[in-house]
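Trainee: Hi, I have a model open and would like to talk through a few spots. Could we start with what the burial words stand for?

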Amino acid sequence: MKISILDQSPISNGSSPAEALAQTARLLQRAEQLGYTRYWVAEHHGMTSLANPSPEVLLGRLGALTSTIRIGSGAVLLPHYSPYKVAENFNLLSTLYPGRIDLGIGRAPGGSAHETLALRENYLQNVHRLPSLLSDLIGYLYDELPADHPFAGIHARPLPPVPPEIWLLGTSGKSAKYAAELGASFAFGHFMSESDGPAILQEYRQNFQPSRIQQKPKTIVTVSAICAETEEEASRLAASLDLWGIKTDQGTAHLGIPSVEEALAYPYTEAERQAIRSKRQNMLIGTKEQMKEQVHTLQQAYQADEWMFVTITHDYEARLRSYKLLADVFLSKG
């Protein structure tokens, strides 16, 4: 089974953005050693708990630290940006690291209303224009703008030997629909969606139109996972994520990912406990054997080509250990 990592570069309470980004670099190198297929970094704005607002900048550093693993954005939030500039950035990355760059595209704001306004005043208009923005982006990346395009003759240099691999990311059917129409790969965010993911992937596959980008449909499902030697330890580690989720929903997550001790001592209301129970239903928490069983069950429904794991814990070594255990399960040659 192909497995990959989505890294949101979490900042633990008591740590710093610089430490979180150094941990991202270290985790990437470990992921390459373990045999993970790809490693994506996320884009978030104005968040004190997540360190990376600019995947393309971080990828320039990460590519220099590795040689085989694919690296990419999970995702560049296209409504904020010029397709031409995004194409330039990822053509540059693909020139530096040929055959290893993924361009994941999303349409979420990635921050609060104020950050969104500061990034792009006409964000909402661009969300509605996303099919046109995607068409322009693909035209630049493949150096094939239509002859009647207003910017025909413009090239997003440097032109790499291999264009970046294009993925659309989403948590609903809309992004899947765009991916099918464009003939692009699709990654579904199971970990942050309440939609019927298996039905969305099935519809994507049925409506997929072969293209210059991709001849056949290709899918990733991303899940939140915490793996440990015992179920009790995995659940204990997940307490940090429980409290961070509550504080994020309340707009009070100002100190980073809380420690397990802080989370266990927190006086949750019954409504908050119910919210945690609900969120945990979308998470994979447990031992290697439990992870294998849970992913197998999900795979029967999704029929995904690849699984991507996002793991957030307060303790960085616990996060490293979780990814090692997942590799033991899904990449073991024994």
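This is a predicted model: local features need pLDDT of at least 70, side-chain atom pairs count only at pLDDT 80 or more; totals for chains, interfaces and linings use all residues.

Trainee: Then is Q8 buried or exposed?

Mentor: Q8 has a relative accessible area of 12%. That is under the 20% cut-off, so Q8 counts as buried.

Trainee: Where is Q8 found?

Mentor: Q8 sits in the loop between strand 1 (3-7) and helix 1.

Trainee: And which residues is Q8 in contact with, leaving aside neighbours within four places in sequence?

Mentor: Those are A42, H44, L50, A51, F191, V310 and I312.

Trainee: New topic: which residues of helix 2 are buried?

Mentor: In helix 2 (residues 55-64), they are P55, L58, L59, L62 and G63. Looking down the helix axis, these buried residues fall within an arc of 135 degrees, so they line one face of helix 2.

Trainee: What do the buried residues of helix 2 pack against?

Mentor: They pack against helix 1 (17-34), strand 2 (38-41), strand 3 (70-73) and helix 3 (83-96). On the face turned away from the buried side, helix 2 carries the exposed residues V57, R61 and A64.

Trainee: How many cavities of 30 Å³ or more are there in the whole structure?

Mentor: A search finds one. The largest cavity holds about 30 Å³ of space.

Trainee: Which residues line the largest cavity?

Mentor: I105, G106, R107, L130, L134, L168, L169 and S175. Strand 5 (101-106), helix 6 (130-141) and strand 6 (165-170) each give two or more residues to that lining. By class, the lining has five nonpolar, two polar and one charged residues.

Technical notes. Residues are numbered from 1 along each chain as its sequence is written. Side-chain values use heavy atoms; hydrogens and water are left out. Buried means under 20% relative accessible area, exposed over 50%, partly exposed in between (1.4 Å probe, protein chains only). Helices (H or I, at least four residues) and strands (E, at least two) are DSSP runs, numbered from the N terminus. The arc is that of the directions from the helix axis to the C-beta atoms. Contact means heavy atoms within 4.5 Å. On a 1 Å grid over the protein atoms alone, a cavity is a set of points where a 1.4 Å probe fits but cannot get out, and a pocket is an open set with protein on both sides within 12 Å along at least five of seven lines; lining residues have an atom within 4 Å of a point. Grid points are joined across faces, edges and corners, and a volume is the space filled by probe spheres set on the points. Ala, Val, Leu, Ile, Met, Phe, Trp, Tyr, Cys and Pro count as nonpolar, Asp, Glu, Lys and Arg as charged, and the others, Gly among them, as polar.
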